[in-house]
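Here is a briefing on the structure shown below.

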Protein chains: 2
Amino acid sequence: MKRLPAIEVDRSLGVTAPLGFLAGAAAVGVKKLSEKPDVGLLVCETDAQAAAVFTQNKVCAAPVTVSRAHLAARRTMRGIVANSGNANACTGRRGLADARAMARLAAARIGCPAEAVLVASTGVIGRLMPMDKVAAGIERAAAARARGPEADLAFARAIMTTDTRPKQAGVRFPMRGRAVTVAGASKGVGMLAPNMATMLGFLTTDAPVRAALLRKVLRRAADATFNCLTVDGHTSTNDTLVLLASGLAFDAGAKPIAEGSAEAAALEAAVFAVCDSLARQIADDAEGGTKTLEILVTGAAGDAEARRAAAAIANSPLVKTAFFGEDPNWGRIVSAAGYAGISSGPETMRLTLGGLVIFNRGTPVEAKAAELKAAMKAHDITVHLDLGAGKGRARYLTCDFSYDYVKINAEYTT
Amino acid sequence: MKRLPAIEVDRSLGVTAPLGFLAGAAAVGVKKLSEKPDVGLLVCETDAQAAAVFTQNKVCAAPVTVSRAHLAARRTMRGIVANSGNANACTGRRGLADARAMARLAAARIGCPAEAVLVASTGVIGRLMPMDKVAAGIERAAAARARGPEADLAFARAIMTTDTRPKQAGVRFPMRGRAVTVAGASKGVGMLAPNMATMLGFLTTDAPVRAALLRKVLRRAADATFNCLTVDGHTSTNDTLVLLASGLAFDAGAKPIAEGSAEAAALEAAVFAVCDSLARQIADDAEGGTKTLEILVTGAAGDAEARRAAAAIANSPLVKTAFFGEDPNWGRIVSAAGYAGISSGPETMRLTLGGLVIFNRGTPVEAKAAELKAAMKAHDITVHLDLGAGKGRARYLTCDFSYDYVKINAEYTT
């Protein structure tokens with residue numbers, strides 16, 4: 001695991017903060033509460049170099065299939081059309097036709113080929129898209145497109161489902177005497193254990209960068225941030241993370257960032273920081289979550305082993321309910337690592353919870369009960385399990401498991 | 001997956017129903033509510049051929065380590081000492097010494113070497129055993145040992161933690177003109193995703209059978225029953241399943257059952273039936289569970305693929321909360337299979353819920369809403385997902401996920 005660089009992230013910067021991007025949104029009733037925006041459009045004024053990662057779920061939604069095909073056909077994109085309230089997943093041929101129609105309608109308003117538009121949807125699985133509403137939404141979102149904080153927030157809100165707040169983040173850094181910006185918006189609260197991407201995430205930058213490098217940067221950033229995030233271990237059918245680069249921080253013809261250069265490292269650090277902030281915002285807003293948990297596993301035989309152990313801890317309902325109950329039932333943490341296919345046993349382990357060592361080399365440590373109780377009351381808690389067997393490390397973000405998780409998901413109506 | 005034979009199981013038969021076994025129990029306050037029995041002893045009057053399977057968790061409890069060593073040293077056993085209220089896991093050297101002392105104390109009362117006694121514990125992880133109480137409990141359980149329904153139930157109750165009822169099952173079948181019995185008791189309600197065994201399960205038989213065959217029979221039965229059972233996907237540190245055979249249905253020197261014979265098949269069918277009944281009783285009594293769900297996956301590329309898909313469905317908190325809410329949100333079922341590493345996609349799938357087809361070949365079926373609503377209200381619900389890709393099949397048992405699961409596990413105090 002690469003340690004994340006400490007970069008200041010500005011949550012007031014959204015998808016139109018980098019030069020060259022416009023966003024619009026509309027509320028047309030795809031979501032049940034029709035006053036909430038549910039169709040969003042992100043437009044690049046020029047051909048943006050594009051990279052994306054999608055869900056690895058074999059049951060993938062129609063917009064994922066369509067966006068994959070568009071990205072296979074072209075390296076550059078002009079826009080993204082997104083909706084919430086309906087996932088357009090498990091909808092057969094009709095669903096594919098609907099996703100293609102969404103791209104076509106958006107492209108007509110942007111003035112580009114349909115293949116230059118990506119499509120993303122989120123919401124209930126197994127329902128046909130209400131295409132009359134969606135078509136009206138695309139018209140209205142296109143007419144409303146603009147840049148600036150209001151446009152950013154309108155777009156971030158249009159992709160929300162049970163999210164309680166919009167999620168965005170941006171980083172501005174110097175390059176060749178200019179300011180370059182990387183910014184993004186995301187959504188996600190449940191059915192969340194991204195595998196190669198998150199539920200929905202859209203990043204933009206005005207850095208001059210070619211798609212080939214963009215893909216590598218995005219994949220590495222997603223792997224260490226969104227792909228190390230879980231709410232309920234259930235990978236969605238619609239996960240989509242896109243990064244578009246306009247290059248417009250510089251004049252046309254500016255030399256693209258070279259792979260392996262200091263500029264590439266600066267860009268990657270900024271993309272990492274934005275992804276990390278968005279992932280943390282998702283964990284903070286998890287369905288029913290009352291605490292944000294950072295699960296750090298070190299001393300593993302390798303990074304893959306560390307990752308398996310961190311994921312097992314982060315996904316265990318027993319671990320998550322213990323944190324909800326503020327009960328330092330640490331045996332659940334150690335035993336979750338134990339069934340994750342690790343090579344070492346408890347004899348070499350050390351478990352630290354909120355800074356207090358409570359299990360060391362196979363034996364419980366007499367922790368100060370009052371301090372431990374106080375540590376469990378914090379909103380942000382770091383669990384650090386050192387396996388004592390090697391140099392592998394991984395970090396997972398997750399949340400606790402509350403009555404409200406059950407309530408939200410028992411009542412989220414089909 | 002082998003289809004289970006339809007054999008009548010008698011839940012009034014417990015561990016002393018086969019000839020040669022005695023059981024006793026005592027309440028000594030290892031569990032907080034000291035009026036409940038928490039130490040149990042199972043004794044065989046003769047050297048019983050023994051087979052056992054244990055947790056695959058790398059963080060395994062001291063009694064598992066000790067029992068494994070005893071079974072490696074001998075093929076026959078004279079007894080099992082078990083306790084609830086304390087798992088004796090993550091307790092270091094002191095825990096190992098305590099588990100060995102439990103075997104030694106029980107052996108002294110039985111009149112056999114310490115290695116001829118297996119040890120099993122269940123309860124909170126990371127606490128040292130209160131050995132004064134446990135020693136007194138072993139004395140009292142040994143003094144109380146007897147055969148018959150009361151002794152069976154006392155033993156079954158002594159291994160309960162948050163179980164609301166004792167779990168036992170037996171089968172009686174003819175062999176060489178005599179009646180042979182296979183019976184057993186088990187416990188388990190949470191931290192339950194057995195891997196090669198269940199939380200605790202003890203089977204006895206008076207069939208004349210050698211340990212080598214016993215091991216094969218037990219492993220196959222466990223694999224298709226306890227190992228296809230999950231409450232929360234969290235494999236415990238203490239899973240132990242033992243099968244002891246006294247041979248006392250026949251006179252000393254009776255010819256042991258030959259591998260591959262009709263007798264071996266009859267024995268295996270009986271062991272299967274008892275394990276299946278105990279596994280189902282565990283699913284019925286799962287922490288906070290209000291429904292028992294049978295997840296049947298067919299048409300997979302192979303049995304392993306079917307098993308992965310069934311396990312993913314059975315472990316998804318989204319699937320489980322939907323059943324608690326009696327909400328036919330079937331997209332969650334199909335999408336869980338989709339992230340389980342299957343080779344086929346939604347185009348070939350068919351999903352049947354409570355006998356109603358609701359998704360077929362990638363497209364939602366217009367199900368009769370009233371019938372579907374009624375199907376979701378049942379206590380026992382079968383979910384059948386046919387992947388349409390091959391002949392692999394698997395069956396998993398699980399429960400729904402309720403407010404009470406969160407309550408029980410947020411408040412189960414360390």
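In chain A, six strands form an open sheet with mixed pairing, in the order β12-β11-β10-β13-β9-β14. The edges of this sheet are β12 (363–364) and β14 (392–399) of chain A, each of which pairs on one side only. The model is predicted.

- In chain A, strand β9 (residues 292–300) runs parallel to strand β13 (residues 380–386), and seven bridges link the two.
- One position in that pairing puts A:Thr298 opposite A:Asp386 of β13(A).
- In chain B, strand β9 (residues 292–300) pairs with β14(B) in the antiparallel sense, again over seven bridges.
- B:Glu294 has B:Leu397 in β14(B) as its bridge partner.

**Strand β14 of chain B**

- Is this strand covered or open? Strand β14 (residues 392–399) of chain B is mostly covered, with eight of its eight residues buried.
- In a regular strand, side chains alternate between the two faces of the sheet.
- B:Gly392, B:Ala394, B:Tyr396 and B:Thr398 point one way from β14(B).
- B:Arg393, B:Arg395, B:Leu397 and B:Cys399 point the other way.
- Residues of both sets are buried, the two arginines B:Arg393 and B:Arg395 included.

**Strand β2 of chain B and its partners**

- Strand β2 (residues 39–54) of chain B is mostly covered: 13 of its 16 residues are buried.
- Strand β1 (residues 21–26) of chain B pairs with β2(B) in the antiparallel sense over six bridges.
- In that pairing, B:Phe21 stands opposite B:Cys44 of β2(B).
- Strand β3 (residues 76–86) of chain B also runs antiparallel to β2(B), joined by seven bridges.
- Here B:Gly40 stands opposite B:Ala82 of β3(B).
- Strand β8 (residues 240–245) of chain B is another antiparallel partner of β2(B), with six bridges between them.
- B:Ala52 has B:Val242 in β8(B) as its bridge partner.

**Chain A as a whole**

- Chain A has 11 helices and 14 strands.
- Its radius of gyration is 22 Å, close to the 22 Å that the globule rule gives for 414 residues, so chain A is as compact as a globular protein of that length.
- The C-alpha trace of chain A spans about 70 × 50 × 35 Å along its principal axes.
- Of the 414 residues in chain A, 63% are buried.
- Take the contacts in chain A with a separation of 6 or more: 81% of them join residues 24 or more positions apart.

**Two domains in chain A**

- Chain A divides into domain 1 (21–284) and domain 2 (292–411).
- The centres of the two domains, taken over C-alpha atoms, are 32 Å apart.
- Where the domains touch, domain 1 of chain A gives 11 residues and domain 2 of chain A gives 12 residues.
- What kinds of residue does the side of domain 1 that touches domain 2 hold in chain A? It divides into five nonpolar, four polar and two charged.

**How the two copies are related**

Note on methods
Residues numbered from 1 in each chain as written. Chains lettered and ligands numbered in written order. Predicted model: local features only at pLDDT ≥ 70, side-chain atom pairs only at ≥ 80, totals over all residues. Domains from an automatic or database assignment. Contact = placed C-beta atoms within 7 Å. Nonpolar A, V, L, I, M, F, W, Y, C, P; charged D, E, K, R; others polar. Helix = DSSP H or I, 4+ residues; strand = E, 2+ residues; numbered from the N terminus. Rg over C-alpha atoms; globule rule 2.2 N^0.38 Å. Buried ≥ 20, exposed ≤ 12 C-beta atoms within 10 Å, placed from the backbone. Pairing = 2+ DSSP bridges.
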